[in-house]
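Take a moment with the sequence and the 3D view below. Then follow the chain step by step.

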Amino acid sequence: MTTATLSGNCPECETDLTVPPIVRGETLSCPECMLTLRVEDVRDGSLTLQMVEVQLRDWGQ
């Protein structure tokens, strides 16, 4: 039995990513650069990924 996978590229480091089925709007991390990515589109087994801007908390230190 084969498991369906989706593929895409990290927009930052160009790493090829292969992930189990995922839907638009979900997030994942690039294993190479650790950037958080959001799935913008899923079409014909291919992912369109967008960087998610992460805001760090300012603890006032």
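Among contacts in the protein chain between residues at least 6 apart in sequence, what percentage join residues at least 24 apart? The figure is 19%. Keep in mind that this is a predicted model.

Start with the overall plan. The protein chain has five strands and zero helices. Along the sequence, the pattern reads β-β-β-β-β. The chain holds 61 residues, and 21% of them are buried. Its accessible surface comes to about 4900 Å². Carbon and sulfur atoms account for 47% of that surface.

Strand β1 covers residues 6-9, and β2 covers 16-19. These two strands pair in the antiparallel sense, over four bridges. Within the pair, L6 stands opposite V19 in β2. The hairpin of β1 and β2 has six residues between the strands. One of the residues in this hairpin, E14, takes a positive phi near 65 degrees.

Strand β2 has two faces. L17 and V19 form the covered face. D16 and T18 form the uncovered one.

Stay with the loop between β1 and β2, where T15 lies. Is T15 buried or exposed? T15 counts as buried because its relative accessibility is 19%, and the cut-off for buried is under 20%. Leave aside residues up to four places away in sequence, and T15 touches G8, N9, C10, C30 and E32.

Go back to β1 for S7. S7 has a relative accessibility of 35%, so S7 counts as partly exposed. Beyond four places in sequence, S7 touches L17, T18, G45, S46 and L47. S7 can also be placed against V42. The two are 35 residues apart in sequence, yet their C-alpha atoms are 9.4 Å apart in space.

One of the residues that S7 touches is L47. L47 lies in strand β5, which runs over residues 46-51. L47 is buried, because its relative accessibility is 7%. What does L47 contact, leaving aside its neighbours within four places in sequence? The list is L6, S7, G8, V19, I22, V39, D41 and V42. L47 and T18 are 29 residues apart in sequence. Their C-alpha atoms are 9.3 Å apart in space.

Next, turn to the loop between β3 (27-29) and β4 (36-43), where C30 lies. C30 has 0% relative accessibility, so C30 counts as buried. Not counting residues up to four places away in sequence, C30 touches C10, C13, T15, L17, L35 and L37. C30 and D16 are 14 residues apart in sequence, and their C-alpha atoms are 9.2 Å apart in space.

The cysteines raise a question. How many disulfides does a search of the whole structure find? The search finds zero. A disulfide is a covalent bond between the sulfur atoms of two cysteines. To be counted as one, the two sulfur atoms must lie within 2.5 Å. For C30, the nearest cysteine sulfur is that of C13, 3.6 Å away, and C30 is in no disulfide. For C33, the nearest cysteine sulfur is that of C10, 3.7 Å away, and C33 is in no disulfide. C33 counts as partly exposed because its relative accessibility is 31%.

Finally, look for charged partners. The count of salt bridges comes to two. Which residue forms a salt bridge with R38? The partner is E40, with the closest N and O atoms 2.7 Å apart. R38 has a relative accessible area of 32%, so R38 is partly exposed. E40 is partly exposed too, because its relative accessible area is 25%.

The other salt bridge joins R43 and D41. Here the closest N and O atoms are 3.0 Å apart. R43 counts as exposed because its relative accessibility is 55%. D41 has a relative accessible area of 23%, so D41 is partly exposed. D41 is also one of the residues in contact with L47.

Definitions and conventions. Residues numbered from 1 in each chain as written. Predicted model: local features only at pLDDT ≥ 70, side-chain atom pairs only at ≥ 80, totals over all residues. Heavy atoms only, no water. Buried < 20%, exposed > 50% of the residue type's maximum accessible area, 1.4 Å probe, protein only. Contact = heavy atoms within 4.5 Å. Areas by Shrake-Rupley, 256 points an atom, 1.4 Å probe, with all protein chains shown as cover. Pairing = 2+ DSSP bridges. Salt bridge = Lys/Arg side-chain N within 4 Å of Asp/Glu carboxyl O.
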